[in-house]
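Here is a report on one protein and its ligand. Look over the sequence and the model first.

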Amino acid sequence: MADDPFLQFAPEDTEVRPNAEASRLLMGGPVVLVTTTWRGTPNVMPLSWYTPLSSDPALIGISVEQSRHTAEMISHSQEFALNFPKRPYVHHVQYLGGLSGEGIDKFEATQWSTFTPTSITSPLLAGCAGWIECQVVEVTPLGDHVLFVGEVVAVRIDPASYDEDLRQWRFGEQDDRVLHFLGGNRYSSLYHAIEARLPRDFEAPERILRERVEEELELSREARERREERVEALREEVRRGNVVDVDDLELDLADDDVLDLSKGAILRPPEEPEAPERD
Ligand SMILES: Cc1cc2nc3c(=O)[nH]c(=O)nc-3n(C[C@H](O)[C@H](O)[C@H](O)COP(=O)(O)O)c2cc1C
C-alpha cells in the first residue's frame, strides 16, 4: 500500500471548512471518489450519482448500485468520504471505475497516497480539490441501487481549487480544477462562469408579453374595421329600404350602436308581451 491511510496528517496547504460548505462543493456536479474502510481494508470507487439533501443538518445522498463492493462496505462501516479528484487524475478515475475492491486492493493498484480523516476512518485521497466526511444516518434501497444518506461531519478544501470567498470552485490553473463526468469515458472541466444580472429591456420576458399584446391589439383593430364595414353595409341596406337580418351577419350590436332604422327594419323574434301587473 502506498501510505498507511490511518497515519498521515492532512496536507498543510488544505483547509478545514464548516460542514455547511459540503453542499457548495457538490455544486456544478463534479465527479467524486468515494472512499470507505471496513475491517481495516480501504476501498475507493468513482461516483457521479449524489445530491445534497439538507443544509441543517448537512445531509448528502449517494446512490450506489447494490452489486458494488462499496455498497456492502458502507452498509457495515456506516461511513464514507467523498474526495474531489483534480483534472490530472482523470485516467485514474476511469480506471478505478473498472475495478471491484472485492478482489483487488485499489490503493495498491493506483499507489494513491492518502491522509487521515478528521472524524471517520475512511482514508482521504491526497492531491484532491476537496473532501467531505460523512456518517451514514439512513439507508434506503431504491431499485437496483442503495441510497446512503450521510450526515457531513467534516469538510476540507484545497484553496488552489476552491474559492473560500465566493464559496465556489475556481477556474484557476487547469490542473487544480475538478472533473465533470459526461458519460462513457468522457470528462470535462469548467472553464469560466457566466454571471447572471437583471435582464435588459430587449431580453426581458415583458418584451415578449408586450409583443403579444400588440399582436392582439392589431387583431382586434382588424376585427373592429371588419365590424365597421359590416355596419356600413347594413346602413346601406337599411337606407335602400331592405329588410336586414343582423343575426345572419353575426353582428354584435352594442346598446349604444346608432342605426337609422327609419327606412327599414331589423328582424328579431317578437318580444313576449309583459304580463299585466296584479293588484
Ligand atoms: C465516472 C464514474 C461514475 C460512476 N458513478 C457511479 C455511481 O454514481 N453509482 C454507482 O453505483 N456506480 C458508479 N460508477 C461505477 C463504479 O465506480 C464501479 O462499478 C466501481 O468499479 C465499483 O467499485 P467497487 O465494487 O469496489 O465498489 C461510476 C463509474 C465511473 C467511472
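Is Gln111 exposed or buried? Gln111 has 10 C-beta neighbours inside 10 Å, so it counts as exposed. The cut-offs, with C-beta atoms placed from the backbone, are these: a residue is buried if 20 or more other C-beta atoms lie within 10 Å of its own, exposed if 12 or fewer, and partly exposed in between.

This is a predicted model; local features need pLDDT of at least 70, side-chain atom pairs count only at pLDDT 80 or more, and totals for chains, interfaces and linings use all residues. Residues are numbered from 1 along each chain as its sequence is written.

## Overall make-up

The protein has 5 helices and 16 strands. Helices (H or I, at least four residues) and strands (E, at least two) are DSSP runs, numbered from the N terminus. Of the 279 residues in the protein, 28% are buried. Contacts join residues whose C-beta atoms, placed from the backbone, lie within 7 Å. Among contacts between residues at least 6 apart in sequence, 64% join residues at least 24 apart.

## Backbone exceptions

Most residues other than glycine have a negative phi, and most peptide bonds are trans.

| Residue | Phi | Location |
|---|---|---|
| Gln111 | about 55 degrees | loop between α4 (106-110) and β7 (114-115) |
| Gln78 | near 60 degrees | follows α2 |

Arg167 is partly exposed, with 15 other C-beta atoms within 10 Å. One peptide bond also stands out. The bond from Asp56 to Pro57 is cis, with omega near 5 degrees. Pro57 sits in the loop between β4 (50-54) and β5.

## Around the ligand

The shell around the ligand holds 21 residues, and Trp49, His69, Thr70, Gly97 and Gly101 come nearest. β3 gives the most, with 4 residues. By class, the shell has 9 nonpolar, 9 polar and 3 charged residues. Here Ala, Val, Leu, Ile, Met, Phe, Trp, Tyr, Cys and Pro count as nonpolar, Asp, Glu, Lys and Arg as charged, and the others, Gly among them, as polar.

## Helix α2

Which residues of α2 are buried? They are Thr70, Ala71, Met73 and Ile74. Seen down the axis of α2, these buried residues fall within an arc of 165 degrees, so they line one face of the helix. The arc is that of the directions from the helix axis to the C-beta atoms. The buried residues of α2 pack against β2 (32-38), β3, β5, β6 (79-83), β9 (130-142) and β10 (145-157). Thr70 also belongs to the residues that come nearest the ligand.

## Strand β6

β6 is largely enclosed by the rest of the structure, because 5 of its 5 residues are buried. In a regular strand the side chains alternate between the two faces of the sheet. Both faces of β6 are covered: Glu79, Ala81 and Asn83 are buried on one side, Phe80 and Leu82 on the other.

Two strands pair if DSSP finds at least two bridges between them. β2 and β6 pair in the antiparallel sense over 3 bridges, with Leu33 opposite Asn83 in β6. β6 and β9 also pair in the antiparallel sense, over 5 bridges. There Glu79 stands opposite Gln135 in β9.

Definitions and conventions. A residue is near a molecule or strand if its C-beta atom, placed from the backbone, lies within 6 Å of it. Two residues are in contact if their C-beta atoms, placed from the backbone, lie within 7 Å.
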